[in-house]
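These notes are meant for someone opening the model for the first time.

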Amino acid sequence: MTDAERPDAPAPADGADAGAPPGDPTATATARRRGRDPLAAALIGVLTLLLGFALAVQVRNADEAQMLAGAREEDLVRILDELDGREDRLRSQLADQRAALRELTGSDSRTATALQEARRRAEALGTLNGTLPAQGPGLTLTVRDPSDEVGVSDIIDIVQELRGAGAETMQVDGVRIGLSSAVTGQPGRLRVDGTPLRAPYEFVVLGEPQNMETAMFIPGGIVQSIERVGGTVEIAQSPALVVDALRPLDRPQYAAPDTGD
Amino acid sequence: MIPILGLAAGVLLGLLFDPTVPLWLQPYLPIAVVAALDAVFGGFRARLDGIFDAKVFVISFVSNVVVAALIVFLGDQLGVGAQLSTAVVVVLGIRIFGNAAAIRRHVFRA
């Protein structure tokens, strides 16, 4: 301190020789030049601006970091108490959330069961509706029609009779038959859902084969009525058939599902 | 005039934007600020002595900051960062005291 107060104390500062070295004959000239150099002025402005900025930022920063270091004992005890209370609250929250998690996990497995059930139903409905391929035992039924006499009603009769005998799904000449399938056209140029059929008409039907075959041969049934118009019917049972023609799923335009609440 | 305006504007900007100091800069910023303060005090004293030179001021400012940061960096690498930081702050503080004393003599003639 005393050293610093001595007027001739050798200033160890660069800052002191921030001017020209003492005794420099050009010192006064330099002093006169001061203020005339815009570049130097700008540099000084920028540097001091940076210094002020850094100073303010650092002060702010140190405030936050060293607030606790400068706090008194009572304050520290109070802060510690607050933190303890907060920890307790957070722990009880944690326990609540854990319980909720367990509950949700439990209901999740119930949901999974319900989802599985829904999937099974969707598959069954898709098979019936013709939107999913199906396989299983059944029979192939081939209708030959050399004289172009088998008409719309004969085809519909076959489909209805097969359904009545327990057919679950079927396709004819590669066209899946669904709930809303329509048979149109003239004998010899029949169409199912707009797709032309070509004789012989080959039905692939999934269902109990024996029941269906029996149903075809009942007196006055399909086989007899086809043979009456000059056609023939061949039926072959098979333990494994594939019905892989698909129907597009119609999206209801007007009706929407009721949410049920 | 310019340095005072610059300082004031910098402080205002710093308070206004209140940026977060990046982690890598945190050990160096306080040292750099002290070093720059030393240069500013030195410049002020030189001005009162009538020997102020803008070039010398700018160079001493920048070199002060760089050297201080380098010393701290070196200390960090050697594992004595905290001690070297303290050393730099002590030395710079002594110099600031010396410059402040010289300024005081100029201003108050005492």
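1. B:N64 is a residue of helix 3 (residues 54-78) of chain B; helices (H or I, at least four residues) and strands (E, at least two) are DSSP runs, numbered from the N terminus. B:N64 is buried, at a relative accessible area of 10%. Here buried means under 20% relative accessible area, exposed over 50%, and partly exposed in between, with a 1.4 Å probe and protein chains only. A polar atom of the B:N64 side chain lies 3.2 Å from the backbone oxygen of B:A35. A polar contact is a pair of N or O atoms within 3.5 Å; within protein, one must be able to donate a hydrogen and the other to accept it, and residues adjacent in sequence count only if both atoms are side-chain atoms.

2. On the basis of the values: the model is predicted, local features need pLDDT of at least 70, side-chain atom pairs count only at pLDDT 80 or more, and totals for chains, interfaces and linings use all residues. Residues are numbered from 1 along each chain as its sequence is written, chains are lettered from A and ligands numbered from 1 in the order in which they are written, and side-chain values use heavy atoms, with hydrogens and water left out.

3. Chain B has 4 helices and 0 strands, and its elements run α-α-α-α from the N terminus on. Of its 110 residues, 38% count as buried. Among contacts in chain B with a separation of 6 or more, 73% are between residues 24 or more positions apart; contact means heavy atoms within 4.5 Å.

4. Helix 3 of chain B packs against helix 4 of chain B at an angle of about 155°, with the axes 7 Å apart. Axes are lines fitted to C-alpha atoms, for helices over the stretch in contact, and angles run from 0 to 180 degrees between N-to-C directions. The two helices are therefore roughly antiparallel (angles under 35 degrees count as roughly parallel, over 145 as roughly antiparallel, 65 to 115 as roughly perpendicular and the rest as oblique). Their crossing is right-handed; a crossing is left-handed if the near helix is turned anticlockwise from the far one by less than a right angle, and right-handed if clockwise. The residues in contact include B:N64 and B:A68 of helix 3 and B:L84 and B:R95 of helix 4. By class, this contact has 5 nonpolar, 4 polar and 2 charged residues. Ala, Val, Leu, Ile, Met, Phe, Trp, Tyr, Cys and Pro count as nonpolar, Asp, Glu, Lys and Arg as charged, and the others, Gly among them, as polar.

5. How do helix 2 and helix 4 of chain B pack? Helix 2 (residues 28-49) and helix 4 (residues 81-108) meet at about 20°, with their axes 9 Å apart, which makes them roughly parallel. Helix 2 passes helix 4 in a left-handed crossing. Among the residues that meet are B:A35, B:F41 and B:L48 in helix 2 and B:V88, B:R95 and B:H106 in helix 4. The residues of this contact divide into 14 nonpolar, 5 polar and 4 charged.

6. Chain A has 7 helices and 8 strands. Of its 261 residues, 31% count as buried. A:L49, in helix 3 (residues 38-66) of chain A, is partly exposed at 30%. Leaving aside neighbours within four places in sequence, A:L49 is in contact with B:G6, B:L7, B:A9, B:G10 and B:L13.

7. A:S238 sits in strand 8 (residues 232-243) of chain A and counts as buried at 18% relative accessibility. A polar atom of its side chain lies 3.3 Å from the backbone oxygen of A:A240. Not counting residues up to four places away in sequence, A:S238 touches A:P137, A:G138, A:L139 and A:P209.

8. A:P133 lies in the loop between helix 4 (73-129) and strand 1 (134-144) of chain A. Its C-alpha atom is 4.4 Å from that of A:D244, 111 residues apart along the chain.

9. Most residues other than glycine have a negative phi. A:D148, not a glycine, has a positive phi of about 50°; A:D148 is in the loop between strand 1 and helix 5 (152-164) of chain A and is partly exposed at 42%.
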